[in-house]
Amino acid sequence: MASTPHGGILKDLVSRDEPISGQLKDEAAKLKDIVLTERQLCDLELIINGGFSPLEGFMNEADYTSVVDTLRLSDGTLFAMPITLDVSSADIERLSIVPGARITLRDPRDDEALAIITVDDVYTYDRVKESILVFGADDPAHPSVAYLRNRVKPFYVGGKVQAIQAPSHFDYVALRYTPTELRAHFKKLAWRRVVAFQTRNPMHRAHRELTVRAARQHQANVLIHPVVGLTKPGDVDHYTRVRVYEAIMAKYPNGMGHLALLPLAMRMAGPREAVWHAIIRKNFGATHFIVGRDHAGPGKNSQGKDFYGPYDAQELVEKYKDEIEIEMVPFQQMTYLPSTDEYQPVDEIPAGAQTLDISGTELRRRLKSGAHIPDWFSYEAVVTRLRESYPPRNKQGFVLCLTGFYNSGKNIIAKALQVALNEQGGRSVSLLLGETIRDDDVKLGFTPDERHENLQRISFVAGELARAGAAVIASPIAPEERSRALVKDTILQNGGAGGNFFLIHVATPLEHCESTDRKGIYAQARRGEIRGFVGVDTEYEAPKKADLVVDVTTQSIPSIVHSIVLLLETTSLI
């Protein structure tokens, strides 16, 4: 039978609050509101459908502190990941966020009211401490540490929520199950044992073999439960992945496997994430959970070493197995034996036997270059789906972000580069100058937050264009490292096959920029008529890892354009 929900009771708040959902909706229309971020939306959906049981809302300070310090809620219940609702000081003032306040939580996609939170408390937190204890290091090479630094606001709001409705989805609706629905499905099919498989990547023959092997060893069925919320920047988009999962499900023995989608925002927190994933799958009714080698690891840190040990995740899940009450199935690394045309666990392969494998990096290279992917590695139907979404490099979009002082020459370079790329042909070329993307109705000024907001707009538009195969040239001033990191992260996250990002630092000296300023903008700033002007009363943080550094005082515009074109040629994009 299905496992008992974590904490003993499945907190299906949508079902619980359905009798009063109409009243809540009427009340929500009269309340002040917070429009959720994409990550907050994922978190709220799993709070109100019971996936995060026993949570009934975003963590208050007592629960947050306890989880960060001890992996436990304040009542002692095991829970590995802080689930928080972040706000700014301006939000607190604008919304009058105080204990006891009721605030509507809205879907960022359609502005629908999803829930009402009753505020327990508003509290500050230590970003460095959260990074070290939850993710293992305060290292911006970790995507969640970068997210914490660049996107998370400085205050958290804790409080329980009442559900008005679940978020609407228009993609793969038949594959989206709540914990209640999936448990009912298992019961209907009389599935007593269910091995859940977590993935954020496409599946190939090795994954099919290891999940089938796990099911047979435990006399169980298989739940393929991929994440379709936020994953690691640069991952294959979920539309492509789901098409791959649908193709590979046909390769399972009849009746063995089931595919369901999980709207989770991953944190890539390694060992803690593995415990969290196990709790979530327990809430969805699984009895067994496959924990992989370096489970939910984000890759290399700033020193080029893995963030987590290869078996740290398995060891932490094993430590808490009695409380999680879901049996861990260690990931068995599968390797192909050409002599017998089969996959076997690496620890069962005879000494000296020939084996074959293709790494994730090599697979991505073959997809980008159009190189052959052998049948022994993946199924033809899977490769076909991947190639549909990942055309050859010379058909992929890309983003060139030129950053530098005002009047550094970046706009002239951008316009000249647009001409050069249009001359070559093969794709559309879009130019996003800093001033052309601004919304006059918003009346953005020159504060750091306003610049950051403007760059969010630029990065969203650029990512959408690049995903469609366009060459995008953006030339914002972008004086802060955090904002440039946000742009890159957004392009990698949303650009699909077009998530190719290049940062060009137009390092023209400030003195030259100011002395050649025919419009007199610097003079206005010196007189105090413009506040927060970069180079006058706001610092410009020079990029530490630009893909190319140029300077119009030492290079001509044609030579700079040529150097950028050569950069693109070396990556086979043109």
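This is a predicted model: local features need pLDDT of at least 70, side-chain atom pairs count only at pLDDT 80 or more; totals for chains, interfaces and linings use all residues.
Trainee: Which strands does helix α16 lie across?
Mentor: Helix α16 (residues 410-424) lies across β14 (398-403), β15, β16 (471-475), β17 and β18, running at about 175 degrees to β15. Contact here means heavy atoms within 4.5 Å. Axes are lines fitted to C-alpha atoms, for helices over the stretch in contact, and angles run from 0 to 180 degrees between N-to-C directions. Helices (H or I, at least four residues) and strands (E, at least two) are DSSP runs, numbered from the N terminus.

Trainee: Thanks! Back to those strands: what order do they take in the sheet?
Mentor: The order is β15-β16-β14-β17-β18, an open sheet of five strands with parallel pairing. Two strands pair if DSSP finds at least two bridges between them.

Trainee: And which strands stand at the edges?
Mentor: Those are β15 (429-433) and β18 (548-550); each has a single partner strand, so one side of each lacks a neighbour in the sheet. On average, neighbouring strands of this sheet are turned by 20 degrees against each other, direction ignored.

Trainee: How many bridges join β17 and β18?
Mentor: Three bridges, in the parallel sense, with β17 covering residues 501-506. V506 stands opposite V550 in β18. Helix α21 (residues 557-570) lies across β14, β17 and β18, at about 175 degrees to β18.

Trainee: New topic: what about the sheet with β7 in it?
Mentor: That one is an open sheet of five strands too, in the order β9-β8-β7-β10-β11, with parallel pairing. Its edges are β9 (257-259) and β11 (327-330), each with a single partner strand, so one side of each is left without a neighbour.

Trainee: Which helices sit on it?
Mentor: Helix α9 (residues 205-217) packs on the sheet, touching β7, β8 (221-224), β10 and β11, and its direction makes about 155 degrees with that of β7. Helix α11 (residues 271-283) lies across β7 and β10, at about 155 degrees to β10.

Trainee: Now the rings. How many aromatic pairs are there?
Mentor: The count comes to 16 aromatic pairs. Rings of Phe, Tyr and Trp (its six-membered ring) pair if their centres lie within 6.5 Å; planes under 30 degrees apart count as stacked, over 60 as edge-to-face and the rest as tilted. One of the pairs is Y64 with Y123, tilted, at 5.7 Å centre to centre and 45 degrees between the planes.

Trainee: Where in the chain are those two?
Mentor: Y64 is in helix α4 (residues 61-70) and Y123 in strand β5 (residues 113-124), 59 residues apart. Ring pairs also link Y64, Y123, Y125 and Y156 into a cluster.

Trainee: Is Y64 buried or exposed?
Mentor: Y64 is buried, with a relative accessible area of 7%, and Y123 is buried at 3%. The cut-offs: buried is under 20% relative accessible area, exposed over 50%, partly exposed in between (1.4 Å probe, protein chains only).

Trainee: Last one: what does UniProt place at residues 4-165?
Mentor: The unreviewed UniProt entry gives "domain: ATP-sulfurylase PUA-like" there. Such positions are in the numbering used here, feature names are shortened, and annotations may be inferred rather than shown by experiment. Over residues 4-165 the chain is 36% helix and 21% strand.

Note on methods:
Residues are numbered from 1 along each chain as its sequence is written. Side-chain values use heavy atoms; hydrogens and water are left out.
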